[in-house]
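Me: I'm new to this one, and I'd like to learn how to read it feature by feature. Please walk me through it.

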Amino acid sequence: MCGIIACAGVKCAAKLLYGGLEDLEYRGYDSAGISVLDKGNIVTVKRKGRVCELKPLVQKLCGSAGIGHTRWATHGKPSDANAHPHSSDRFSVVHNGIIENYAQLKGELAAEGAAFFSATDSEVVVRLLEKYYRGDLKEAVLCTVERLKGAFALCILCSEYEGFVAVRYRNPLIVGEGGGASYAASDMPALSGLCKNVAVLQDGTVAFAKGGEISFCDFKGRPLSLTFAPVPASVRTRGLCGFPHYMIKEINEIPAAVKNTVAAFEEQGCRQALARTAKRRGFSQVVLCGCGTAYNSALAATYGAEELLGIPVRAETAGEFRYRQTSAGAGTLFVAVSQSGETADTVEAARAAKKSGAYVAAVTNVPYSALTSVADIVIPVRAGTEVCVAATKSYCGQIAALALLFGALGGASQYKKAMRDACGAVAMCAKAISDCLSEDAARACASSSCVYFIGRGTDYPVALEGSLKLREVSYIPGEGYPAGELKHGTLALIDGSTLTVAVITQRELSEKVASAVEQICSRGGRAGVVCAEGCAPASLKGRVEFFMEVPACRGMLSPAVAVIPLQLLAYRTAVMLGRDPDKPRNLAKSVTVE
Ligand code: AGP
């Protein structure tokens, strides 16, 4: 959801900012821009399109300080004019977030004679800075942020200040220092190659960076001191490593993601901490929350958990949970699942649950994210930095982390079993990756007008995830359904142009799902099957267009193995159709706005 970056005290700001924007591009890629401060003048280049559109424009830029932006449009369509930075003679601003009261501010400023050149909410920030500037940059910044409602991470250049200003409120921002220079960026991987030490800004912080010096204050101007720490090795990205896309690279990293997540759970003493808390608080229910893929992994984890714990366990989408009267209270274990730990709905849902007295666990891949600062306990997912917008390895890491979480709550023998299952799943994931080539399946998908995914039991959330993955990277419409539901309406849509993919890994339910496939085929629909070894119903042989087999994985890790052919299917279909699986249209990886 927009990536922002800034630097000061460097030799060539433009080159460095351009590199940083490439690292941040997964956050949005409909337009990009850079401003540099060159001998007291602000020079700006910006363009609709991907970051690479800026390449010819940045060659001639000089300057030792600058700011950059890669955009995911919220207010105002993708265009050169709406691209950031937004500038005046004296100021240039990049923004990630939404200024909710922008219309009111714009009206007020326009009435005072300010001119506007874009349809964005962000432009009000630069006009406010102009309005409040009386020769004192700090005063202008503080007066400006006081007027803003919503969520904002800002980086600001001022022609009269040889550095940059960074502001954080409800959108991520990290500052870094080293080698006589200062930096800021929306996330850590963009800084990892530039500096050794970083500090995560908290909400309500302003940073003034000049050369290698950074000072901090709160929104009232009171000084703050921040502790810098080395960039964790886990956030460094190593590029594509010979893979054509991050999506397939990250699918291949699934076994390591599961293995490292299991190791981190043990290392960080999560079992002991959860068991102690469960004993002390006596949970009466568990509510899991997340968005998109994270919701799908949360839903998958509910299967089996209720039987294991003997208390209600349910999953909800975070965007719904946060706006209704919740039944979360002191007896609730609230589990927020988020790869980025920055998804606005999930972070706010966790805040709401905490406010109502729940104990909050954050299952996240980003240890320094906003979600971790809300949570009472952090359950680490160690998938490593996930670059592709479509989540793959983080889903499997989440499944492993959640299985261990429920195992830990279930007592010593349940934990032992969860551990055994999670460790065993590592090799099964690797086998599924090497076995499921899925070329025929991808051809079948690519030639379909619509693809449905069906499953029963834990295969239902897997069907949801398979459908989400295919939709987001191939743009082929479709839906995931419990296998029994299709005939209650959607069967009316089945014809020869549609494909249904049945997920069958639960032996006791295999014949039921097979019947649903029969009903589809009998009405002229086409079908394919993803099944666990030994689960393939004999009746379907010869009836369906493809079979993909995964190792039989029982228990709560089953979705982590079963999802792999579906991820590969989505990837190969996207490539076959000439889509960019790493940066699907209209999407961004980190959804930090509502
Ligand atoms: C997954 O492929 C999607 N890009 C999206 O649904 C994602 O899972 C969702 O936005 C939640 O993100 P989070 O895990 O970072 O909170």
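Me: Let's start with a pair of helices: are H8 and H16 roughly parallel or roughly antiparallel to each other?

Reply: Two packed helices are described by the angle between their axes and the distance between the axes. Here, H8 and H16 are roughly antiparallel (under 35 degrees counts as roughly parallel, over 145 as roughly antiparallel, 65 to 115 as roughly perpendicular, and the rest as oblique). Helix H8 covers residues 254–267 and helix H16 covers residues 412–435, and they pack at about 160 degrees with their axes 8 Å apart. The axes are lines fitted to C-alpha atoms, for helices over the stretch in contact, and the angle runs from 0 to 180 degrees between N-to-C directions. Helices (H or I, at least four residues) and strands (E, at least two) are DSSP runs numbered from the N terminus.

Before we go on: this is a predicted model, where local features need pLDDT of at least 70 and side-chain atom pairs count only at pLDDT 80 or more, while totals for chains, interfaces and linings use all residues. Residues are numbered from 1 along each chain as its sequence is written, and side-chain values use heavy atoms, with hydrogens and water left out.

Me: Which way does H8 pass H16, in a left-handed or a right-handed crossing?

Reply: Left-handed: the near helix is turned anticlockwise from the far one by less than a right angle, whereas clockwise would be right-handed. On the H8 side, the contact (heavy atoms within 4.5 Å) is made by residues including Val258, Val262 and Phe265, and on the H16 side by residues including Met419, Ala422 and Val426.

Me: What about H8 and H15, at what angle do they cross?

Reply: Roughly 30 degrees, and their axes come within 8 Å. That makes H8 roughly parallel to H15, and this crossing is right-handed. Among the H8 residues making the contact are Ala257, Thr261 and Phe265, and among those of H15 are Ala401, Leu404 and Leu405.

Me: And how far apart are the axes of H15 and H16?

Reply: 7 Å, with an angle of about 160 degrees. That makes H15 roughly antiparallel to H16. Ala403, Leu404, Gly407, Ala408 and Gly410 in H15 meet Gln414, Tyr415, Ala418, Met419 and Ala422 in H16.

Me: Next, cores. Which residues touch the most other members of the largest nonpolar core?

Reply: In soluble globular proteins, nonpolar side chains tend to be buried together. A nonpolar core is a set of buried Ala, Val, Leu, Ile, Met, Phe, Trp, Tyr and Cys residues joined through side-chain atoms within 4.5 Å. Buried means under 20% relative accessible area, exposed over 50%, and partly exposed in between (1.4 Å probe, protein chains only). The largest core here has 117 residues, and Val335, Ile379, Phe406 and Ile454 touch the most other members. Helix H15, residues 393–410, gives the most to this core, with 12 residues. Domain 2 (243–434) and domain 3 (436–581) both contribute residues, so the core lies between them. Another core, of 31 residues, lies apart from it, with Ile5, Ala32, Val231 and Val235 among its members.

Me: What are the domains of the protein chain?

Reply: Domain 1 (3–235), domain 2 (243–434) and domain 3 (436–581); such bounds come from an automatic or database domain assignment. The centres of domain 1 and domain 2, taken over C-alpha atoms, are 33 Å apart. 13 residues of domain 1 are in contact with 10 residues of domain 2.

Me: Where is arginine 526?

Reply: In strand E24, residues 526–532. Arginine 526 is also buried, at 15% relative accessible area. Its contacts beyond four places in sequence include Asp495, Thr500 and Glu545.

Me: Last one, the backbone: which peptide bond is cis, with omega near -5 degrees?

Reply: The one from histidine 84 to proline 85. Proline 85 lies in the loop between strand E4 (65–71) and strand E5 (86–87). Arginine 170 has a positive phi of about 60 degrees although it is not a glycine. Arginine 170 is in the loop between strand E8 (161–169) and strand E9 (174–178), and is partly exposed at 37%.
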